[in-house]
Amino acid sequence: MRRRFKCDPKWITARYPARCAEPNCQTEINPGERAFYYPGDKALYGDRCGHGEKAERDFTAHRIDEDGY
Ligand SMILES: [Zn+2]
């Protein structure tokens with residue numbers, strides 16, 4: 001499973017209502033709330049539910065693995 005990131009995922013402030021992209025979560029993300037955004041997947045992960053932090057950690061770990069090669 002290889003992924004290329006055209007743009008790195010990053011923390012954004014939601015400008016419109018959305019839901020956490022974690023399938024079992026679906027926590028609402030309200031405008032003005034922080035969310036972790038994957039531009040490639042157009043996926044938003046919530047901050048309140050903790051999936052934003054998790055997505056950020058996963059991405060950072062992945063990044064470190066790739067840099068190792
Ligand atoms: Zn979530």
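Strand 4 (residues 34–38) and strand 5 (residues 43–46) pair in the antiparallel sense, with 4 bridges between them. Strands here are DSSP runs of E of at least two residues, numbered from the N terminus, and two strands pair if DSSP finds at least two bridges between them. The model is predicted, so local features need pLDDT of at least 70 and side-chain atom pairs count only at pLDDT 80 or more, while totals for chains, interfaces and linings use all residues. Residues are numbered from 1 along each chain as its sequence is written.

| Residue | Opposite in strand 5 |
|---|---|
| Tyr 37 | Leu 44 |

The largest nonpolar core has 10 residues, among them Ala 35, Phe 36, Tyr 37, Leu 44, Tyr 45 and Ala 55. Such a core is a set of buried Ala, Val, Leu, Ile, Met, Phe, Trp, Tyr and Cys residues joined through C-beta atoms within 7 Å; buried means that 20 or more other C-beta atoms lie within 10 Å of the residue's own, with C-beta atoms placed from the backbone. Strand 4 and strand 5 are the elements that give two or more residues to this core. Strand 4 supplies the largest share, 3 residues.

Technical notes:
A residue is buried if 20 or more other C-beta atoms lie within 10 Å of its own, exposed if 12 or fewer, and partly exposed in between; C-beta atoms are placed from the backbone.
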